[in-house]
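Here is a short report for a reader who is new to this protein. Please look over the sequence and the structure before reading on.

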Amino acid sequence: MKAGLPECPGPSLFLFPMKELIAILQPGKWTATKNKLEEAGVTSYTTCRAYGRGKQKGLRYISALGEETRIRMVPKRLVWIWLADSQLAPALEAIMSANQT
């Protein structure tokens, strides 16, 4: 090792296998999901706004005048969480329980 340079961690990095959990949520469910994740011990995550649609192909509204308005892409919240293998089950349970419809 040269003076002043840290030693390479080597294969010890692979002793802690990680999982990536990606969830797409309804925007109104984010606060409840965040609270459940904190109760499960998950405090680090990355989120962003996302837009998408499911099988319903967007939303359709009929105004008072009888005109139809379509929203093709519905707003959503995208969440990325990187977890140790032991934290995966509690995090999944927290997300599913907070987002049941």
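The report goes from the whole chain to the sheet, then to the helices and a few single residues.

## The model as a whole

This is a predicted model. The mean pLDDT of the protein is 85. Of its residues, 84% reach 70 or more.

The secondary structure comes to two helices and five strands. Read from the N terminus, the order of elements is β-α-β-β-β-β-α. The protein has 101 residues, and 20% of them count as buried. Among contacts with a separation of 6 or more, 73% are between residues 24 or more positions apart.

## The sheet

Three strands form an open sheet in the order β1-β5-β2, with antiparallel pairing. The edge strands are β1 (18-25) and β2 (46-52), and each of them pairs on one side only. On average, neighbouring strands of this sheet are turned by 25° against each other, direction ignored.

How many bridges join β1 to β5? There are eight, and the two strands run antiparallel. Strand β5 covers residues 74-84. Seven bridges join β2 to β5, and this pair is antiparallel too.

| Residue | Bridge partner in β5 |
|---|---|
| Leu21 | Ile81 |
| Leu25 | Arg77 |
| Ala50 | Lys76 |

## The helices on the sheet

Helix α1 lies across β1, β2 and β5. The helix runs at about 10° to β5. Helix α2 packs on the sheet as well, touching β1 and β5. The direction of α2 makes about 155° with that of β5.

Which residues of α1 are buried? They are Trp30, Thr33 and Leu37. These residues cover an arc of only 60° around the axis, so they sit on the same side of α1. What covers them includes β1, β2, β5 and α2. After the helix comes Gly41, whose phi is positive, near 90°.

Thr33 lies in helix α1. Is Thr33 buried or exposed? Its relative accessibility is 1%, so Thr33 counts as buried. The side chain of Thr33 reaches the backbone oxygen of Lys29 at 2.8 Å. Leaving aside neighbours within four places in sequence, Thr33 is in contact with Leu25, Ile95, Ala98 and Asn99. Leu25 has its own place in the sheet, with Arg77 as its bridge partner in β5.

Asn99 is found in the segment after α2, which spans 85-98. Why does Asn99 count as buried? Its relative accessibility is 18%, and buried means under 20%. Which residue's side chain makes a polar contact with the side chain of Asn99? That residue is Thr33, and the contact is 2.9 Å. The side chain of Asn99 also reaches the backbone oxygen of Ile95, at 2.8 Å. Leaving aside neighbours within four places in sequence, the contacts of Asn99 are with Leu25, Lys29 and Thr33.

## Lys36

Lys36 lies in helix α1 as well. Its relative accessible area is 34%, so Lys36 is partly exposed. Not counting residues up to four places away in sequence, Lys36 touches Ala94, Ser97 and Ala98. How far apart are Lys36 and Ser97 in sequence and in space? They are 61 residues apart in sequence. In space they are 8.2 Å apart, C-alpha to C-alpha.

## In short

The sheet has the order β1-β5-β2. Helix α1 lies across β1, β2 and β5, and α2 touches β1 and β5. The side chains of Thr33 and Asn99 are joined by a polar contact of 2.9 Å.

Terms used: Residues numbered from 1 in each chain as written. Predicted model: local features only at pLDDT ≥ 70, side-chain atom pairs only at ≥ 80, totals over all residues. Heavy atoms only, no water. Helix = DSSP H or I, 4+ residues; strand = E, 2+ residues; numbered from the N terminus. Buried < 20%, exposed > 50% of the residue type's maximum accessible area, 1.4 Å probe, protein only. Polar contact = N/O pair within 3.5 Å; in protein donor to acceptor, adjacent residues only side chain to side chain. Contact = heavy atoms within 4.5 Å. pLDDT = per-residue confidence, 0-100. Pairing = 2+ DSSP bridges. Axes fitted to C-alpha atoms, helices over the stretch in contact; angles between N-to-C directions. Arc of directions from axis to C-beta.
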